[in-house]
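Could you walk me through this structure, one question at a time?

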Amino acid sequence: QVQLVESGGGLVQAGDSLRLSCLASGRTFSNYDMGWFRQAPWKERDFVAAITWSADKSYSTESVKGRLTISRDNAKNTVFLQMNNLKPEDTAVYYCAAQRASPLFVATMEIPDNYDYWGQGTQVTVSS
């Protein structure tokens with residue numbers, strides 16, 4: 001089992017920044033590729049960004065490129081999502097998720113069902 005706990009969400013104004021953290025415990029963190037997803041009210045859970053177990057590759061969805069950046073610190077069992085120049089459309093509950101490290105990660109990273117473990121989510125609200 002891997003337990004994931006997100007933190008760092010809040011209410012901010014458009015143009016502000018936030019840094020989300022996701023602390024993992026349980027199994028060896030560096031055995032897992034990690035992703036961030038978000039879910040707005042009445043919408044599906046959407047892929048935001050992902051990073052390989054070694055942090056040698058990271059990916060993000062087109063709408064957030066240049067503003068939201070994923071990173072990880074395996075020594076601290078933590079994955080981060082740096083969020084800059086936030087927009088009202090970024091308002092959502094943000095979830096981190098873990099899946100066993102795989103060379104096929106790039107083909108699976110955008111699909112929520114491919115992840116093995118999820119955090120409880122942290123709310124991000126951006127006012128205009």
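This is a predicted model: local features need pLDDT of at least 70, side-chain atom pairs count only at pLDDT 80 or more; totals for chains, interfaces and linings use all residues.

Me: How many helices and strands does the secondary structure of the protein chain come to?
Reply: Helices (H or I, at least four residues) and strands (E, at least two) are DSSP runs, numbered from the N terminus. Along the sequence the pattern reads β-β-β-β-β-β-β-β-β-α-β-β. That comes to one helix and eleven strands.

Me: What radius of gyration does the protein chain have?
Reply: The C-alpha trace spans about 40 × 25 × 25 Å along its principal axes. The radius of gyration is taken over C-alpha atoms, and the globule rule is 2.2 Å times the number of residues to the power 0.38. For 128 residues a compact globule would be near 14 Å, and the protein chain agrees, with 14 Å.

Me: What percentage of the residues in the protein chain is buried?
Reply: Buried means under 20% relative accessible area, exposed means over 50%, and partly exposed lies in between (1.4 Å probe, protein chains only). Of the 128 residues in the protein chain, the buried share is 41%.

Me: In what order do the four strands of the open sheet lie?
Reply: Two strands pair if DSSP finds at least two bridges between them. The edge strands, each pairing on one side only, are β1 (2-7) and β7 (68-73). The pairing is antiparallel, and the order is β1-β3-β8-β7.

Me: Which residue in β8 is the bridge partner of Leu68?
Reply: Strands β7 and β8 run antiparallel and are joined by six bridges. Four residues lie between them in their hairpin, where Asn77 takes a positive phi near 55°. Leu68 has as its bridge partner in β8 Met83.

Me: Which side chains of β7 point to one face and are buried?
Reply: The side chains alternate along this strand.

Me: Is Val79 buried or exposed?
Reply: Val79 sits in strand β8 (residues 78-83). Contact means heavy atoms within 4.5 Å, and, not counting residues up to four places away in sequence, Val79 touches residues including Leu20, Cys22, Phe29, Trp36, Ile70 and Cys96. With 0% relative accessibility, Val79 counts as buried.

Me: Which two residues form the disulfide?
Reply: A disulfide is a pair of cysteine sulfur atoms within 2.5 Å, and a search of the whole structure finds one. Its sulfur atoms are 1.9 Å apart, and the residues are Cys22 and Cys96.

Me: Why does this pair tie together parts that are 74 residues apart in sequence?
Reply: Both Cys22 and Cys96 are buried. The torsion about their S-S bond is about 50°, so the disulfide is right-handed. The pair ties together parts 74 residues apart in sequence because Cys22 lies in strand β3 and Cys96 in strand β9 (residues 92-100).

Me: How many bridges join β4 to β9?
Reply: Seven of the eight residues of strand β4 (residues 32-39) are buried, so the strand is largely enclosed by the rest of the structure. Phe37 stands opposite Tyr95 in β9. The two strands run antiparallel, and the number of bridges is eight.

Me: Which residue takes a positive phi in the hairpin of β4 and β5?
Reply: β4 and strand β5 (residues 46-51) pair in the antiparallel sense over five bridges, and Met34 stands opposite Ile51. The hairpin has six residues between the strands, and the one with a positive phi near 70° is Trp42.

Me: What separates the C-alpha atoms of Val93 and Gln123?
Reply: Val93 is in strand β9 and, at 21% relative accessibility, counts as partly exposed. Leaving aside neighbours within four places in sequence, its contacts include Phe37, Gly121 and Gln123. Val93 and Gln123 are 30 residues apart along the chain, and their C-alpha atoms are separated by 4.3 Å.

Definitions and conventions
Residues are numbered from 1 along each chain as its sequence is written. Side-chain values use heavy atoms; hydrogens and water are left out.
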